[in-house]
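Let's walk through this model together, from the way its parts are divided to the places where they touch. Have the structure open as you read.

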Amino acid sequence: MVLNYLANIGRFVPEITLIVTMVGLIFVEATYGDEEKGSSKGYLYATAYLGLLFTLVKLIGSLGDAPIAIYSNSLVIDPFSTMIKIIMVIGTAACIHLSRRSSDVYENLKGEFAIIAVGVLIGGMLLASANNMLTLYIGIETLSILSYVLASLKKNDDRSSEAGLKYALFGGISAGIMLFGMSHIFGVTGTIQFAGMLDKLKDLDTVQIAILMPSFLMFFAGIGYKIACVPFHMWAPDVYEGSPLPVTTFFSIVPKMAGMAVLLRVTMVFFSGDQNVLQMSWIATLSVVAALTMTVGNVSAIGQRSVKRMLAFSSISHAGMMMMGVLCISEIGTRAIVFYGITYLFMTLVAFYITSFVQDAYGNDHFERFNGLIHKHPLMAIFMLITMFSLSGLPPLSGFIAKFNIFSALIDKNYYVLAIIAGLNSVVALYYYLKIVKLMVFKDPESDEKIKGFGFTNQLVITALTVPVVMLGIFWDQVLVMANGAKIFIVQ
Amino acid sequence: MSGTSNLLNWILWMPILGVLGILVIPKAKAGVVRLWSLANTFITLGLTVKLWMGFDNALSGMQDAFTIKMPWIKQFHINYHLAVDGISMPMIILTSLLFFLCVLCSWKISKQVRGYYALLLFLQSAVYGVFLSMDFFLFYVYWEVMLIPMFFLIGIWGGENREYAAVKFFLYTFFGSILMLVGMIALYHATGGEADSFSLLALREHADKFIGMNVSLFGFDVPFDKLFFVFMFIGFAIKVPVFPFHTWLPHAHVQAPTAISVILAGVLLKMGTYGFLRIAFPIFPGATVYFSECIAVLGLINIIYGAFCAMAQTDVKKLIAYSSVSHMGFVMLGMAAMTSQGLNGAVLQMFNHGTSTAMMFLLIGILYERSHHRWIVRPDGSKGFGGLYTQLPVYSIVFIIAMFASMGLPGLSGFISEALIFLGIYSKYTTMTVIALLGLLIGAAYLLWMFKRMFFGEVVEECKSYEDMNAREIFYMTPLCVAVIVFGIWPSPILNIMKGSVNSLVVLLAKYQ
């Protein structure tokens with residue numbers, strides 16, 4: 001037994017590295033942290049970057065390894081989870097870098113941001129690998145509880161505190177509902193292992209189905225809350241707006257991808273078999289929720305004044321788009337989601353990075369602050385413009401290819417109506433993305449004041465993030481092969 | 001499969017080389033930017049002429065010598081596949097010519113010259129991409145990419161209400177292309193996702209298979225080919241624009257700068273009809289035949305409705321914009337005939353409308369540079385122009401040529417194509433032919449009425465200070481004048497190019513009638 005555990009550690013190194021990094025960060029902050037001087041920052045970020053870099057290298061190295069279930073089947077390390085973890089690690093690193101540059105995170109709290117972000121990442125990684133109900137729940141809670149703290153990071157700001165409280169309340173309730181659903185699933189199947197449940201789900205009588213149907217709905221509520229899909233999205237806009245900008249960026253990447261990964265895994269594990277009533281009702285639920293999520297997210301984004309809030313709504317609609325890939329329950333669907341995740345990561349980062357520097361320079365992130373950006377910072381404005389076009393799904397940018405893949409998965413399963421709904425939604429989305437483009441290009445700048453945030457390093461970082469946004473739209477063959485390799489391993 | 005010549009690559013990427021060059025030129029050197037763009041478009045024009053020289057009129061399919069095919073995305077069997085045939089060749093000639101002239105006619109633009117020419121050349125490359133792509137995915141990419149430079153060209157260099165026009169144009173076309181995207185992916189999966197599933201040429205082979213298939217939509221079984229024909233139809237119809245999808249056009253035209261109006265009316269509208277001929281018709285021949293009457297009726301509505309709308313306009317640019325709607329109706333009508341004369345007439349009309357309407361827009365641009373308004377009758381009821389004939393004799397003569405060509409007067413290019421269309425349609429839809437002929441009459445009426453109000457009568461005071469066309473303007477009007485007159489008397493150079501390809505399409509469609 002003990003040997004078995006030790007043998008498995010090899011596949012668990014990324015997570016362990018992150019735990020060590022997190023503890024190390026706490027020590028660094030405690031030892032060198034000095035509110036006056038802020039002298040600990042160098043060590044702190046060095047530790048964080050090193051830890052994340054090591055994790056990333058480890059993850060990329062293990063992409064080709066055979067899938068395996070470790071620790072009594074509680075975790076499964078397969079190419080799919082590794083891929084999602086890579087996305088989340090890059091996202092976390094970029095967000096920590098952003099928090100370092102952003103004035104939206106108070107100087108004395110930057111250390112805390114890094115520590116908690118790594119903590120959330122650990123939760124997300126557990127979630128991506130979860131192979132039984134317990135790991136899933138622990139993952140979700142680790143992710144959530146730390147997120148509540150992140151949301152209220154601006155301690156003195158009313159809106160930030162409100163965001164934290166709202167997040168915690170919603171999160172607590174949905175976790176409770178989810179647990180309730182899980183307990184019923186456990187009651188019917190008698191196991192918490194996904195592998196064991198799979199056998200039980202094969203032959204069910206009517207009563208059991210009658211119990212399982214609402215239970216799965218409740219189970220879905222918990223996951224749905226994490227990815228902020230309608231009707232569990234109510235918290236998202238306020239939380240996204242109230243939180244400091246780097247936190248918003250973080251929220252729209254890491255918890256979302258983790259939630260999407262677990263939703264996909266649950267769907268693939270439980271419902272990829274023969275057609276039955278449970279499967280059909282699950283697909284129906286997902287279809288309605290996905291369509292609603294996209295539509296509500298997009299329609300609400302139109303009227304926003306704050307770019308951050310607009311991006312928050314747009315990230316809700318992107319979650320809806322990714323869910324369309326989930327409900328296909330096919331390998332093409334999985335591949336599409338992985339591809340979508342990769343492109344979504346870069347697009348979101350570029351958009352939030354630029355918004356962050358604009359906000360720091362002009363005090364807020366209202367649309368008007370983008371006026372005439374192209375006259376002041378042509379390169380940055382062009383990157384923002386590319387990202388906006390990519391987010392709305394215009395070729396030859398990566399956002400289009402991501403959408404193309406999702407459409408392909410939908411039509412492969414003959415879900416034409418959903419494809420059309422998704423298509424019409426991207427027209428709506430184009431409208432509000434164009435709004436920023438319009439302001440940046442057509443309007444004259446409000447003031448001549450340059451944006452200090454666009455220093456050389458930051459421009460370099462933003463350039464590095466924009467390159468994939470363009471390149472993945474043109475040379476996506478190899479990336480698709482990679483995404484194709486990210487298969488979900490179903491433990492029998 | 002690839003041919004021996006790399007010419008299509010050169011044509012497609014030459015404008016992009018131009019863009020890169022512009023980015024290197026310093027901001028202050030506006031003159032260099034203009035000359036560079038002129039040289040670039042001239043080289044492309046030269047390459048097009050070379051392509052025309054090498055074009056084999058006897059071939060009815062693709063010109064194999066020029067075909068370029070390379071794998072792009074192996075996972076989806078998407079190829080970088082460029083080829084040219086008799087339907088796209090006239091469009092390529094038109095594009096090369098009009099962009100060259102547009103560089104000349106935008107000489108006076110002084111706002112962000114670099115950006116303007118870079119976007120113009122970028123647009124040119126995208127337009128070539130649409131006409132040259134024989135892979136549906138590649139086609140779609142270019143179809144959409146083209147929107148981006150158009151959006152900025154209208155939005156930055158346009159008139160007062162330019163932002164609204166730019167956004168409306170963008171959203172409308174994007175809506176259409178989304179439906180096309182769904183159709184494209186459906187076709188891919190319907191063919192089994194095998195090799196060449198995105199190839200526009202290979203998809204034709206599956207036409208019979210599509211006819212038998214059904215799609216379940218909300219529990220109803222809908223015939224596959226009819227459903228996706230409609231999707232494609234809407235996508236292309238917005239571009240043409242076919243009534244009732246035409247409402248973006250007048251805004252875009254009125255707000256766009258002259259050169260962009262020329263491109264929009266001269267080339268971009270043809271993309272819609274080209275899309276029908278390249279994609280919707282050959283891939284869904286059954287549905288095409290099934291819906292042919294609808295297409296004819298829509299074409300007819302375009303003709304009559306566009307003509308009446310044009311008559312009501314007091315802004316001369318809007319008038320010409322609506323006349324485009326009317327003229328594109330003839331193209332639709334010719335296509336709906338599905339006879340040899342009808343389709344040949346339609347393609348010829350695409351080319352001829354490109355030259356004649358480009359002339360009209362260029363002339364209005366010339367006038368606008370002098371008057372800074374375009375009112376035939378100002379909103380307060382006073383005359384905007386009057387007696388121009390005595391003031392601007394050269395201008396008036398060129399205007400008369402353009403107007404008569406647009407009207408379809410015998411001896412000028414518009415007549416040949418319209419006559420062919422009527423010949424083609426008459427045997428099929430006799431009543432419609434008669435009504436469409438009435439449209440021709442209304443067309444003559446609004447154009448002559450406009451001419452009377454602007455060029456005859458008392459000279460309006462401010463018109464006295466206008467100068468006649470200068471050498472540059474005469475220079476860029478000349479090729480179009482020559483084209484309009486020469487192809488009016490001797491249309492065979494263009495007809496010979498297209499005949500083979502168009503007739504093979506007619507044969508294909510005839511099987512399903």
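Two residues count as being in contact here if their C-beta atoms, placed from the backbone, lie within 7 Å. By that criterion, the contact between chain A and chain B takes 27 residues from chain A and 28 residues from chain B. On the side of chain A that touches chain B, α18 (398-412), α19 (416-442) and α21 (477-485) of chain A each supply at least two residues; helices are DSSP runs (H or I, at least four residues), numbered from the N terminus. The biggest giver on this side is α19(A), with 14 residues. By residue class, this side of chain A holds 20 nonpolar, 4 polar and 3 charged residues, where Ala, Val, Leu, Ile, Met, Phe, Trp, Tyr, Cys and Pro count as nonpolar, Asp, Glu, Lys and Arg as charged, and the others, Gly among them, as polar.

A word on conventions: this is a predicted model, in which local features need pLDDT of at least 70, side-chain atom pairs count only at pLDDT 80 or more, and totals for chains, interfaces and linings use all residues. Residues are numbered from 1 along each chain as its sequence is written, while chains are lettered from A and ligands numbered from 1 in the order in which they are written.

Now look inside chain A. The domain assignment, automatic or from a database, gives domain 1 (1-271) and domain 2 (274-492). Their C-alpha centres lie 21 Å apart, and their contact takes 55 residues from domain 1 of chain A and 48 residues from domain 2 of chain A. On the domain 1 side, α4(A) gives the most, with 11 residues. That side divides into 37 nonpolar, 12 polar and 6 charged residues.
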